[in-house]
Amino acid sequence: MLYFDENASLRNEEAIIMAMEPATTAVGFIGIGVMGKSMARHLKQAGYPLHVYTRTAASAQELVDEGATWHETPGKLAAACKVIITMVGYPKDVEDVYLGADGIIANAPQGAYLIDMTTSSPQLAQQIAKEAAGKGLHALDAPVSGGDVGAREARLSIMVGGEQADFEAVKPLLEKMGTNIILQGGAGAGQHTKMCNQIAIASGMLGVCEALAYAKFAGLDAEVVLQSIATGAAGSWSLSNLGPRMIKGDFEPGFYVKHFIKDMGIALESAKAMGLNTPGLALAESVYQQLASEGYDNKGTQVLYHYFTAQLNN
């Protein structure tokens with residue numbers, strides 16, 4: 001007679017979590033950028049032996065000085081780790097890091113967990129999961145939202161695609177980097193959810209920038225306007241967190257324009273493939289493309305405010 005042993009299930013879950021104890025879990029982090037550095041640091045501070053790789057070695061020097069181990073290639077890092085996390089720039093970078101001859105899948109030890117936190121293609125996430133499973137590896141796509149502030153304060157929203165058991169196994173690590181961690185479905189579901197996030201932000205940023213530009217054109221004190229509208233029906237993360245930066249003229253990146261354009265491009269392609277028309281997304285992408293052509297691609301997404309306020313001087 002077959003029956004479900006709830007106690008056995010709980011013991012298995014506890015065993016998985018115990019297997020991710022900091023003392024016994026070497027974690028590799030590939031991509032030490034604006035967000036990746038903070039995310040990796042949280043894992044190091046939680047006691048996990050940290051291994052790092054990034055194309056520009058100087059970007060990882062702070063973490064190395066704090067005790068992280070540097071590796072010269074993604075493959076060498078993967079071979080030394082039980083969990084490998086990636087936070088790189090573009091889908092092509094993800095493909096190279098995971099599927100290349102000196103990449104993660106070719107070199108990670110059997111049973112390792114691979115977590116791509118880059119915003120990338122859902123289809124690529126599915127391909128990586130399939131390739132990883134064939135090598136006895138566990139792959140999840142886990143893009144994040146919350147920007148540089150969320151990364152520094154370990155309160156990122158993490159959207160995960162993959163198997164339930166794999167999600168439960170790595171959740172203790174994800175909890176060191178975020179506070180809203182949800183399994184969305186199978187491979188690629190995390191990336192699809194991130195596309196929903198970016199679509200909402202894209203049109204929302206147009207509204208935030210137009211509103212604050214309107215305040216400036218009307219001769220209002222934008223900071224006082226922000227106090228009124230940020231807590232009402234117009235309130236949003238972008239308005240509360242990026243609005244003050246816009247008003248101060250602080251366009252330094254928490255999230256780069258060039259990376260947002262990449263995200264919007266993936267979303268547009270995915271939406272088109274599903275037969276979905278997204279006019280708000282298309283408009284936002286075209287305006288950001290114009291900003292990039294004017295040399296603002298390495299600024300933060302809040303530089304969109306400049307697009308509107310520049311009209312005051314014309």
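Q: Where is Trp 70 found?
A: Trp 70 sits in strand S3, residues 69-70. Bear in mind that this is a predicted model.

Q: Buried, exposed or partly exposed, that Trp 70?
A: Trp 70 has 31% relative accessibility, so it counts as partly exposed.

Q: And which residues is Trp 70 in contact with, leaving aside its neighbours within four places in sequence?
A: Those are Val 52, Tyr 53, Thr 54, Ala 57, Ala 60 and Val 64. Take Val 52: in sequence it is 18 residues from Trp 70, and the C-alpha to C-alpha distance is 5.1 Å.

Q: OK, switching to the inside. Which residues of the largest nonpolar core touch the most other members?
A: The core has 34 residues, and the ones with the most such partners are Phe 29, Met 39, Ile 85, Ile 115, Met 117, Ile 158 and Leu 174. At least two core residues come from each of strands S1 (27-30), S2 (50-53), S4 (83-86), S5 (113-116) and S8 (156-161), and likewise from helices H2 (36-45) and H9 (164-174).

Q: Nice, and which element gives the most to this core?
A: That's H9, with five residues.

Q: What does Ile 158 touch, not counting residues up to four places away in sequence?
A: Its partners are Met 117, Ala 142, Pro 143, Val 144, Leu 174, Met 177, Gly 178, Asn 180, Ile 181 and Ile 182. There's also a second, separate core of 29 residues, with Met 195, Ala 202, Leu 239 and Leu 242 among them.

Q: Back to H2: why call it largely enclosed by the rest of the structure?
A: Because seven of its ten residues are buried. In H2 these are Gly 36, Ser 38, Met 39, Ala 40, Arg 41, His 42 and Leu 43.

Q: What about phi at Gly 47, which follows H2?
A: At Gly 47 phi is positive, near 105 degrees.

Q: New topic: how do the axes of H5 and H7 cross?
A: The axes of H5 (residues 91-99) and H7 (residues 122-134) cross at roughly 5 degrees and come within 11 Å. The two helices are therefore roughly parallel to each other.

Q: Which residues make the contact?
A: H5 contributes Pro 91, Val 94, Glu 95, Tyr 98 and Leu 99, while H7 brings Leu 124, Gln 127, Ile 128 and Glu 131. By type, the contact of H5 with H7 has six nonpolar residues, one polar and two charged.

Q: Last one: how many disulfides?
A: The count is zero. As for the cysteines, Cys 81 is buried at 2% relative accessibility, whereas Cys 196 is exposed, with a relative accessible area of 52%.

Notes: Residues are numbered from 1 along each chain as its sequence is written. This is a predicted model: local features need pLDDT of at least 70, side-chain atom pairs count only at pLDDT 80 or more; totals for chains, interfaces and linings use all residues. Side-chain values use heavy atoms; hydrogens and water are left out. A nonpolar core is a set of buried Ala, Val, Leu, Ile, Met, Phe, Trp, Tyr and Cys residues joined through side-chain atoms within 4.5 Å. Buried means under 20% relative accessible area, exposed over 50%, partly exposed in between (1.4 Å probe, protein chains only). Helices (H or I, at least four residues) and strands (E, at least two) are DSSP runs, numbered from the N terminus. Contact means heavy atoms within 4.5 Å. A disulfide is a pair of cysteine sulfur atoms within 2.5 Å. Axes are lines fitted to C-alpha atoms, for helices over the stretch in contact, and angles run from 0 to 180 degrees between N-to-C directions. Angles under 35 degrees count as roughly parallel, over 145 as roughly antiparallel, 65 to 115 as roughly perpendicular and the rest as oblique. Ala, Val, Leu, Ile, Met, Phe, Trp, Tyr, Cys and Pro count as nonpolar, Asp, Glu, Lys and Arg as charged, and the others, Gly among them, as polar.
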